[in-house]
Amino acid sequence: MTLEEGRTYYLRENVTGAENEECSFRFRFGEREAEFFFDVTDGEIISPFQEDNEDIWQGDAVEVFLSPDGDLTRYYELEVSPFGVRFWGEVTFAGGEKTLKKLPPPFGAEATRTKDGYAVQIKLPLAAMQGYDRRAVVLNAFRLDKKADGRQELYALNPTECTTFHKPEYFLKTWMKDF
């Protein structure tokens, strides 16, 4: 599947791939920045984090993993909590081992409460992505839904069919309109 810029997609349950319409996602790449939009239905928001680069994936959050040049051994992980707390890291794979390097988030994020949950808009400067090539970008989008009983449900644009999102072979090619 090739992702089309501006089109709305719904994330699916990550392990089974079951359809789910509780989180929509769309994206846009401009001349200077990439924008990512999530709209989430969630009646029970759980996210105790208050500082950027805390381990916000342990609560409710939305995420984009993207390789700016199509190299699946190196990609960026960006996350935003329902309260606008941000996470940014560079992930590398070498010899079958994953390494995550936390970095100061170079992107802006706006999170707002909605009647049924929350919405997140992310603005990522293209200059923040080393090796950015508009024709080669691949990505996947995710949602983490923490439950009061401690469970965490996982949703993905392209499900990885397991309990982790760090499967770059599931990243999708993007199709972007010309400026």
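Predicted model: local features only at pLDDT ≥ 70, side-chain atom pairs only at ≥ 80, totals over all residues.

Entry 1: An open sheet of 5 strands runs 2-4-5-11-10, with antiparallel pairing. I found strand 2 (9-10) and strand 10 (108-113) at its edges, each pairing on one side only. Inside that order, strand 5 and strand 11 are antiparallel and joined by 9 bridges. For a reference point I took Ala34, whose bridge partner in strand 11 is Leu124.

**Entry 2: strand 12 and its partners.** Which strands pair with strand 12? I found strand 6, antiparallel over 7 bridges. Strand 13 is joined to strand 12 by 5 bridges, also antiparallel. Strand 14 pairs with strand 12 in the antiparallel sense over 2 bridges.

**Entry 3: the nonpolar cores.** The largest nonpolar core has 34 residues, and I listed Phe25, Phe29, Phe36 and Phe38 as those with the most contacts inside it. The elements giving two or more residues to this core are strand 4 (23-29), strand 5, strand 6, strand 7 (74-80), strand 11 (117-125) and strand 12 (138-146). Another core, of 11 residues, lies apart from it and includes Val91, Leu144, Ala156 and Phe165. I then went through the neighbours of Phe25. Leaving out residues up to four places away in sequence, Phe25 touches, among others, Phe36, Phe37, Phe38, Val64, Leu139 and Ala141. Arg7, Thr8 and Tyr9 are also among the contacts of Phe25.

**Entry 4: a buried asparagine.** Is Asn14 buried or exposed? I read 0% relative accessibility, so Asn14 counts as buried. Asn14 sits in the loop between strand 3 (12-13) and strand 4. The side chain of Asn14 makes a polar contact of 2.9 Å with the side chain of Thr160. Beyond four places in sequence, the residues touched by Asn14 include Thr160, Glu161, Cys162, Thr164 and Phe165.

Entry 5: I noted two cases. Glu161, one of the contacts of Asn14, has phi near 60°. Glu161 is in the loop between strand 13 (152-156) and strand 14 (172-175), and is exposed at 55% relative accessible area. Asn53 has phi near 70° and lies in the loop between strand 5 (33-41) and strand 6 (61-67). Asn53 is buried, with a relative accessible area of 17%.

**Entry 6: salt bridges.** I found 13 salt bridges in the structure. In one of them, Arg143 pairs with Glu22, with the closest N and O atoms 3.3 Å apart. Arg143 lies in strand 12 and Glu22 in the loop between strand 3 and strand 4, so this pair ties together parts 121 residues apart in sequence. Arg143 is buried at 0% relative accessibility, while Glu22 is partly exposed at 31%. Both belong to a network of salt bridges that also links Asp42, Asp145 and Lys147. I looked at two further pairs. Arg28 and Glu35 have their closest N and O atoms 2.6 Å apart; Arg28 is partly exposed at 34% relative accessibility and Glu35 is buried at 8%. For Arg135 and Asp133 the corresponding distance is 3.6 Å; Arg135 is exposed at 74% relative accessible area and Asp133 is partly exposed at 25%.

**Entry 7: cysteines.** How many disulfides does the structure hold? I counted 0. Cys23 is in no disulfide, and the nearest cysteine sulfur, that of Cys162, is 18 Å away.

How values were computed:
Residues numbered from 1 in each chain as written. Heavy atoms only, no water. Helix = DSSP H or I, 4+ residues; strand = E, 2+ residues; numbered from the N terminus. Buried < 20%, exposed > 50% of the residue type's maximum accessible area, 1.4 Å probe, protein only. Disulfide = S-S within 2.5 Å. Core = buried A, V, L, I, M, F, W, Y, C linked by side-chain atoms within 4.5 Å. Contact = heavy atoms within 4.5 Å. Polar contact = N/O pair within 3.5 Å; in protein donor to acceptor, adjacent residues only side chain to side chain. Pairing = 2+ DSSP bridges. Salt bridge = Lys/Arg side-chain N within 4 Å of Asp/Glu carboxyl O.
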